[in-house]
Amino acid sequence: MRIADPTQTTVVNEIRLMLDELPLDGAQVLELGCGKADKTRTLAESGRPRGILALEVDTIQHARNLQVTDLPTVAFRHGGAEAIPAADASVDIVLMFKSLHHVPQEMMDQALGEIARVLRPGGLAWISEPVYAGDLNEVTTLYHDEKIVREAAFAAIRRAVDAGLLTLERQLFFLTRSHFDDFTQFEARMIQVTHSDHRLSPELYERVRQRFADFQTPAGVTFYPPQRVDLLKKPA
C-alpha cells in the first residue's frame, strides 16, 4: 500500500469516479461524514442505491441536513465512524470522503472496526483521503497542518488490512479540481467552517491571504489537490 503517488496527473471528479467504480444498483449505502450532503444528493438522485444512511458528527451541519425534505431514500443521522448506529452486516457499501483523518487518532482503529462490522461479507468501503502535497495544501497548512492525522489515518487503514478485518481491492490516485473566485470565497469555504474552529491571528490571516494571492489569476485560483482512494472489501 502507498500513501501517495507523486506521478499522478489525471484530473477527475471523485463522485463520478465512484459512480463508475462501485456496484451501487440496489445497494444499501452508508456515508460517514456526509458534510453538506452534496455527494449524498448526487448519489441519491442517481436512483441507484436502495437507501442511504448519511452520518455527520458536526451538530451544526447535521441540523441543516435534517432540513432536507426532497431525498426520500436518505436518512440523516448524527454520529461518527467510531460508533456507527447500524446493525451488523447491514450495509453493502460504505463511503468515507476525506473524513477518516478527522476521526480522533485514538479512535481510528475503532472506526475501521466499525466499518468492518456493519459491512456485509463481500461489501466494499470507499475511503478517500487527501494526499499531503500540492499548492492548496501549501495554503491550508499555514493555519491547519494535517500531516500527522493524514499519516495516522493511512496507518489505521494498513492495520485493518494487516489484521484481516478488510482486504485491499485496489488503490486509486488522481487529482481533483478546486476553484475559488477570490480569497473571500476561499475563506468562506476553507476557513469559516462549522466543523473546525480556525481562529487566525491578524498576522497569520495576512500570511494566508498573501500565499493565496501568489496563485491568483484574472480568472480566480484553481488548485488540483492530489487524492487517494483505498477501496477495501469485507472478507466473505
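Modeller: Before we start, contact here means heavy atoms within 4.5 Å. And keep in mind that this is a predicted model.

Biologist: Nice. Where does Gln28 lie?

Modeller: Gln28 belongs to strand 1, which covers residues 28–32.

Biologist: Let's zoom out. How many helices and strands are in the protein chain?

Modeller: The chain has 8 helices and 9 strands. Its radius of gyration is 18 Å, close to the 18 Å from the globule rule for 236 residues, so the chain is as compact as a globular protein of that length. Along the principal axes, the C-alpha atoms fill a box of roughly 50 × 40 × 35 Å.

Biologist: What percentage of the residues is buried?

Modeller: Buried residues account for 49% of the 236. As for the accessible surface, the total is about 11500 Å², with 51% of that belonging to carbon and sulfur atoms.

Biologist: What about contacts with a separation of 6 or more: what share comes from residues 24 or more positions apart?

Modeller: Those pairs make up 77% of such contacts.

Biologist: Last one, charges: how many positive and negative side chains are there?

Modeller: You'll find 26 positive and 33 negative ones, and the centres of the two sets are 3 Å apart.

How values were computed:
Residues are numbered from 1 along each chain as its sequence is written. This is a predicted model: local features need pLDDT of at least 70, side-chain atom pairs count only at pLDDT 80 or more; totals for chains, interfaces and linings use all residues. Side-chain values use heavy atoms; hydrogens and water are left out. Helices (H or I, at least four residues) and strands (E, at least two) are DSSP runs, numbered from the N terminus. The radius of gyration is taken over C-alpha atoms; the globule rule is 2.2 Å times the number of residues to the power 0.38. Buried means under 20% relative accessible area, exposed over 50%, partly exposed in between (1.4 Å probe, protein chains only). Accessible areas come from the Shrake-Rupley method with a 1.4 Å probe; for residues, only the protein chains shown count as cover. Lys and Arg count as positive and Asp and Glu as negative; His and the chain ends are not counted. The place of a charge is taken as NZ of Lys, CZ of Arg, CG of Asp or CD of Glu.
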